[in-house]
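Here are my notes on the model, for reading next to the coordinates. They go from the whole chain to one residue.

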Amino acid sequence: YPMPKGKQALAQGLLRQMWRQLRNRLGQQSVGSPVEARERSLIEECLLLHYSGILEVHAFLGNILEPAYCAIESLHLAERIQDNDRQAIGNAMMGYVFALISAERLSKYYFQRAKNFSVHYNQQIYYLLYKQVIGIFSLNSSKWSEATECLSEATDICFKLGDDPLQFFSLYHQVFIEYYRGHYDEASGLLLALIDRCRRHHYERYLTWFQALQGAIQLRRGQFHQAAQCLEAAKRSMQHRQDALFDCYLGGLQALCSLRLGDEALARRQAQETAQHMLTKRFVSHGGLEGLPGLIEVFLGLAEKSRDLGQRHALVKQAMSPLGKLKQFAGSFQIARARTCHFQGRVALLQGRAREAEHHFRRGLAEAEQSQMPYEQALAHAWLARLPRAAMSPGSQLSESHHAALALALFRQLHAEWDIGQLSEHSQGR
C-alpha cells in the first residue's frame, strides 16, 4: 500500500507490525492458504480493533500506529477473500489516518477506494460505519452539508438496525455541527431529548458527553451557573470510568467556567491539572475543540489581566502546550484553524507584536468565514477592534468601528451575553 513520503518510520513500523501480526495469528496454520472461515474470523477481529482504534486516533495522535496497523491487516485479509464491505470501511479508516498526519494525497487515494467499494455493499452495518467515518472527516473539514448528510444517513441505518450506541455516536456529532454553526437553540433542543433518552435507558457514557456539550453551549451564551451545574453532573456520571479525551474536554470547560464565574485561582488550578494530564496524551480531535481552547483561554485571559510581567510570561508559556496541540490538529483540519489563529494573535499581542497579532486575527477571520463559524467570526472582529490604533497597519484604523459593529451583531445573533458585555466595556474604555 502507498506510504507517505518523508514518513519512513511510520512506513517501516506499519510493515513490520503487519508482518508480526500475520505471523502470530496465522503462524499455526499450515504453509498453504488458511481456510476462508478462519480468515473471516480474523477480519472480524481486526475490524473491531481498528474501528475502536480510529476513535482513539482522532483523539490521540500518539496512538496513530495501532489503528493503522489494524487497518492495513484488515485490508490485506479482506482483499484476499474479496469482501467489498470490509474493504470499504478499511480504506475509509486509512484515509482518515493519513489525513491526521497531513498526507493529503494518500488520504484522498484511500477515501476514493472506500467510495468505490461502498457502492456495492452487502451488509448495512459496514456501510453505516463507512458513513460515520466520512461524516466525522467532513465535520473536521468544516464541510457541514456533507457531514450532515453522511451522519443523518448513518443515524437512519442505526435506527433500522436497533443499535442505540452507534445512533448516539452519530447524533452526538450532528449536534456538534449545529454547535459550530452557532445554531444553539437547535443543538440544545436535540441535547435535551438525547439526555432524557440516555437517562431512561441508562446509557451513562453518552449521557456524560451530552451533558458536557450542553454545558459548552451555556458557556457560549454566558449562562455560567447553569453551565457549571451541567459540567459537574457530567463529571459525576463519568467518575468511575476512564476516558482521557473526556477528561481533557471537561477539564477545559470547567476551568473556563470557573474563570467566567470570577474564581481565578480555581480556574488556574483546574487548567494546570488538565494540561498536566495531557502531557502523556496527544489530544487531537474536534472533541477537544472546546477542551483545548478552554485551557488556552484561561491561561491567556489571566495573563491579559495580570500586571506582573513575570506572571504574565509564565501564563503565556503554560498556554503554549495546549495551543501547540490545537495547531497540530489545525494542520490537518479546517475546523481548528480560525480558533488557532485567534489564540496566536492574542499571544502576539501579549508579547508586544501588534502587527503580527493583526495578521493572525485577519487570517482567523478569513478562516472563520470560509468555515461558516459565526462565533469565531465574531471573536476575530472583536479583537481586530481592540488592537492599539497606533500599532495597526496603514489603512486599518478606519475599520475599528466597523469591526466592533460586526462583532456586536454576530454576538447578539448568538445570544453570547458575556462577549457582548466585554465588547461594550472595551468600546467605552477607548
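1. Overall fold. The secondary structure of the chain consists of 20 helices and zero strands. The model is predicted, so the points below should be read with the confidence values in point 3, pLDDT being the predictor's confidence in each residue.

2. Packing and surface. Of the 430 residues in the chain, 57% are buried. Among contacts with a separation of 6 or more, 68% are between residues 24 or more positions apart. The chain has an accessible surface of about 19200 Å², and carbon and sulfur atoms account for 50% of that surface.

3. Confidence. The chain has a mean pLDDT of 82, with 76% of its residues at 70 or more. Residues 26-32 stay under 50, and the model gives this stretch six contacts beyond four places in sequence. Residues 48-62 are also below 50 in pLDDT, yet the model has 49 contacts for them beyond near neighbours in sequence.

4. Ser 371, position. Ser 371 lies in helix 17, which covers residues 354-371. Is Ser 371 buried or exposed? Its relative accessible area is 1%, and buried means under 20%, so Ser 371 counts as buried.

5. Ser 371, surroundings. Leaving aside residues up to four places away in sequence, Ser 371 touches Ser 142, Trp 144 and Gln 334. With Gln 334 there is also a polar contact, side chain to side chain, at 2.9 Å.

Terms used. Residues numbered from 1 in each chain as written. Predicted model: local features only at pLDDT ≥ 70, side-chain atom pairs only at ≥ 80, totals over all residues. Heavy atoms only, no water. pLDDT = per-residue confidence, 0-100. Contact = heavy atoms within 4.5 Å. Helix = DSSP H or I, 4+ residues; strand = E, 2+ residues; numbered from the N terminus. Buried < 20%, exposed > 50% of the residue type's maximum accessible area, 1.4 Å probe, protein only. Polar contact = N/O pair within 3.5 Å; in protein donor to acceptor, adjacent residues only side chain to side chain. Areas by Shrake-Rupley, 256 points an atom, 1.4 Å probe, with all protein chains shown as cover.
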